[in-house]
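Biologist: I am new to this structure and would like to go through it with you step by step. Could we begin once it is on the screen?

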Amino acid sequence: MLQRIRSYTHAILERDPAARSVWDVVFSYPGFHALVLHRIAHPLWGAGWFWLARWISHWGRFLTGIEIHPGATIGERVFIDHGMGVVIGETAEIGDDCTIYQGVTLGGTSLTKGSKRHPTLGKGVIVGANSQVLGGFTVGDGAKIGSNAVVTKPVPAGATAVGNPARIIHAEADARREAAAAKLGFSAYGITQSDDPVSLALRGLIDGTASQEHQIALLWQAVERLACKMDPGCVPKEAALEESFEADKLNELVGK
């Protein structure tokens, strides 16, 4: 138990630049306090002391704002950052080296007692602030859950889940999308790596369409000039050849 508690302090010191010392962590980090109390309540729950285990976890919630059911299984070097509003259900399993931010719910969608109702997080999973992971599925090793995401299906190892309902972004597909967007003259990650992929795709399509509109207008102007050379009485219809595609306004609508 002491080794597990020591791993929590080391995880905080490694991942939080605001942590200055072991004493700072021990006395000032609610995530650490909640995990320590869980380390007391969890064995009691396993031994059948359900009332006492729930009473200890209740005090943990009162003191830290973090609710961890004593039946949940938590690995080593787990870091609950800030932690206010975190809820971890009875059958949840959290692997080693996971990081969980404030407002996260590892909840269940089933009312069947004794079933696997809550998610399993693999090793090194990062769960962003205010995200909801709901159901008895697995989030693979090294996966990332974006802030405010609502995840209701398995997330493969190394993938990222964003949005509501969550969309799964694979690292390989992400790289291909960025390369394809670059060909359109659009930097898919020019603003932030965590931007909404649907918004990014729409912006790429809008920019590509605007470019095509411009090229078509130039081609029609060239055709009109050639036609007028053959017919001296021809008058070019410049007004009909102007671009009408309002790319800037459409980009504003999708969040550019």
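Biologist: Which residues are linked in a network of salt bridges?

Modeller: This is a predicted model, in which local features need pLDDT of at least 70 and side-chain atom pairs count only at pLDDT 80 or more, while totals for chains, interfaces and linings use all residues. Residues are numbered from 1 along each chain as its sequence is written, and side-chain values use heavy atoms, with hydrogens and water left out. A salt bridge here is a side-chain nitrogen of Lys or Arg within 4 Å of a carboxyl oxygen of Asp or Glu. By that criterion, the residues linked in a network are Arg15, Glu76, Arg77, Asp96 and Asp97.

Biologist: How far apart in sequence are the parts that the pair Arg15 and Asp97 ties together?

Modeller: Arg15 and Asp97 form a salt bridge whose closest N and O atoms are 3.8 Å apart. Helices (H or I, at least four residues) and strands (E, at least two) are DSSP runs, numbered from the N terminus. Because Arg15 lies in helix 1 and Asp97 in the loop between strand 5 (93-94) and strand 6 (99-100), the pair ties together parts whose separation in sequence is 82 residues.

Biologist: Is Arg77, which forms a salt bridge with Glu76, buried, partly exposed or exposed?

Modeller: The closest N and O atoms of Arg77 and Glu76 are 3.2 Å apart. Buried means under 20% relative accessible area, exposed means over 50%, and partly exposed lies in between (1.4 Å probe, protein chains only). Glu76 has a relative accessible area of 24% and is partly exposed. With a relative accessible area of 28%, Arg77 is partly exposed.

Biologist: How many salt bridges does a search of the whole structure find?

Modeller: One further pair is formed by the side chains of Glu93 and Lys116, which meet at 3.9 Å, N to O. Since Glu93 lies in strand 5 and Lys116 in the loop between strand 7 (105-107) and strand 8 (120-121), this pair ties together parts that are 23 residues apart in sequence. Over the whole structure, the search finds seven.

Biologist: Which residues of helix 1 are buried?

Modeller: Helix 1 (residues 2-15) has 14 residues and reaches 20 Å from its first C-alpha to its last, close to the 20 Å expected at 1.5 Å a residue, where the expected span is 1.5 Å times one less than the number of residues. Its buried residues are covered by parts including helix 2 (22-28), helix 3 (30-46), strand 2 (73-74) and strand 3 (79-80). Those buried residues are Arg4, Ile5, Ser7, Tyr8, Thr9, Ala11 and Ile12.

Biologist: What is the bridge partner of Ile68 in strand 4?

Modeller: An open sheet of five strands has the order 1-4-7-10-13 with parallel pairing, and its edge strands, each pairing on one side only, are strand 1 (67-68) and strand 13 (150-151). Two strands pair if DSSP finds at least two bridges between them, and two bridges join strand 1 to strand 4 (residues 87-88). In strand 4, the partner of Ile68 is Ile88.

Biologist: Which residues are in contact with Ile168, leaving aside its neighbours within four places in sequence?

Modeller: Ile168 lies in strand 15 (residues 167-169) and is partly exposed, with a relative accessible area of 25%. Contact means heavy atoms within 4.5 Å. With those neighbours left aside, the contacts of Ile168 are Lys153, Pro154, Val155, Pro156, Ala159, Thr160 and Ala161.
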